[in-house]
Amino acid sequence: MRDRRLLVLAASAVAIVAFGVYGVMAAPGAVVASPSPRSTPTEEPRPDPRLTLSDPAPVTPTPVAPNPQDGPAQAGARYLTAWQAGDLAAMADLVADPPADFADRHRRFDADLRASLSSLAPGELHRESEAAELSFTGVREVAGLGRWPFTSVLRLVMRADTWKVLWSPETMHPALKDGGRLVLKETEVRRPATLTREGVPFPRDSRAGDYFTGLGDTVLDVKLEEESSGRVLLASPPRPPSGRKTTISQPVQAAAARALDGVGQPAAIVAVDIKTGQVRAVADGLGRMEAFNGLYPPGSTFKVVTAAALLHNGMTPESQMACPAGYTIPNGRSFTDSDGVDHGTVSLTTAFALSCNTTFAQQAYERLRDDRLRAEAADRFGFREKPGLSSCRIQPYESTDQLGSDAIGQNSVQASPLCMAEVAAAVASGVWRPAITTAEPPADSPSPVPLGDEVASGLRTMMGAVVSRGTAAGAGLPPDTAGKTGTAEVENGEDHAWFIGYRGSLAFAVFVRHGGAGGAIAAPIAARFLNAL
């Protein structure tokens, strides 16, 4: 009787265990591999929609050990489930003859590409006897690039009555076939906060960094490429220019910056649009924004202003006058010319072209007393205290010696390169206007000042003669250039070299601090600048 009761208890225990196992297998949320009849070689079973995989809930993965009763679709789904769960050990158990570095290859692939698996989904199954192929799609997330969809194939084979994955590198991605590689390339791309008027970055080494902020800002451009073919699989989205536009012209700025390459002394080039006064280039090797604000004696480039004053006081470009090797102001100082040659009687145009100091000192003494020279400079060419970008000034003279020196751009006359570019632009357009770096002049900007048609025309004739037969004739300047050389004397140092002029739509000034003679140093730099446009 006792033995019979023991048998009944044992049978009950077996029944309870069997019921518990059934309850676990049928638990909600578990992937249940339903048995299916063996397919013939021509059959293409439809994928079970329950096998589609997406971002799984963070729960402990269901065991995915090989099951001899699984068909190829179920075996493939088990592998994809383990892969998405990041269970490399389980994946290896489902692979026929996995390589020793199976897990390391998966880790390196993700680490090298900064990728993480987002989702996997099985597709169609193609089966032939004891081999099958299960297509699948997936999505990886690549840091800095976003979603990376891909499609690949699981090859499955029957081994010891169990379907297993026949793994190869292209299982991770087709591009890895036959030793192929995927590489993540990062390139530093310029994304400046300030752009040229064309909406493009300033040229490299623009020499304009003191004037405009953020010229060197960059971002990383990331691309995912097939190494052998160079085919881009994924790339950073194109970024439209987002910087603030200026009045600077990219080609003009590039020409100005490169014209200063190799110049041994600190130098600057400033260019302005003749009609609007907008600054088109500022290449400054002087530092501290001195191309706009620095005050230097302009030397003979100031003879443009002196000549304008003479024309306003009744002279013409053909007026005859002496150009001696030396001239002494009555009871005053002596002036000489750099060539030491007495050119006799010449026209005002020739005296200007040859840059005769003696002529302009004498004419200022005879015709421009009573503060006429300072008034011309201040009232028509901006040589006064004023709001604006440029700096220039001239003081009332206290002696005729000082007047003679002012007439040739020495003594109290001081100007920045931008101020002298404004002078050249005034001649070209016939109207002096302040330079600007905005679309319209600021509210407090000085009003434009006409020079007068006859004066402007005469100055153009004289500045053309400087290039065609005067002190800039051998500088290599392109046709239709007009300008004026300047060599400014300074104490305790080499002379400053100047050349100002205009051509086409641009007026400009070239300045080389302690550079030497303007015709020999500054004018050839201007030629390099203009010939590069």
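Predicted model: local features only at pLDDT ≥ 70, side-chain atom pairs only at ≥ 80, totals over all residues.
A pair of aromatic rings is described by the distance of the centres and the angle of the planes. In this model, 14 aromatic pairs are counted. In one of them, the ring centres of W498 and F511 are 4.6 Å apart and the planes meet at 50 degrees, so the pair is classed as tilted. Because W498 belongs to strand β21 (residues 496-503) and F511 to strand β22 (residues 506-512), the contact ties together parts of the chain that are 13 residues apart in sequence. W498 and F511 are both buried.

Another aromatic pair is made by F508 and F529, with 5.9 Å from centre to centre and 70 degrees between the planes, an edge-to-face arrangement. Here distant parts of the chain are linked: F508 is in strand β22 and F529 in helix α14 (residues 518-531), 21 residues apart. F508 and F529 are likewise both buried. Strand β22 thus contributes F511 to the pair with W498 and F508 to the pair with F529.

Elsewhere, ring pairs join Y79, W83, F109, F136, W148 and F150 into a cluster.

Charged side chains are also placed over aromatic rings. R333 lies over the face of F335, 3.9 Å from the ring centre. K484 is positioned over the face of F352, at 5.6 Å from the ring centre.

A disulfide is a covalent bond between the sulfur atoms of two cysteines. The model has 2 disulfides. In sequence order, the bonded cysteines of the protein chain are paired 1-2, 3-4.

The angle about its S-S bond is -80 degrees, and the link of C323 and C356 is left-handed.

In the disulfide of C392 and C419, the sulfur atoms lie 2.4 Å apart. With 85 degrees about the S-S bond, the link of C392 and C419 is right-handed. Since C392 is part of strand β16 (residues 392-393) and C419 part of helix α12 (residues 417-429), the bond ties together parts that are 27 residues apart in sequence. C392 has 5% relative accessibility and therefore counts as buried. C419, at 0% relative accessibility, also counts as buried.

Key:
Residues numbered from 1 in each chain as written. Heavy atoms only, no water. Phe/Tyr/Trp six-rings, centres within 6.5 Å; stacked < 30°, edge-to-face > 60°. Helix = DSSP H or I, 4+ residues; strand = E, 2+ residues; numbered from the N terminus. Buried < 20%, exposed > 50% of the residue type's maximum accessible area, 1.4 Å probe, protein only. Lys NZ or Arg CZ within 6 Å of the ring centre and 35° of its normal. Disulfide = S-S within 2.5 Å.
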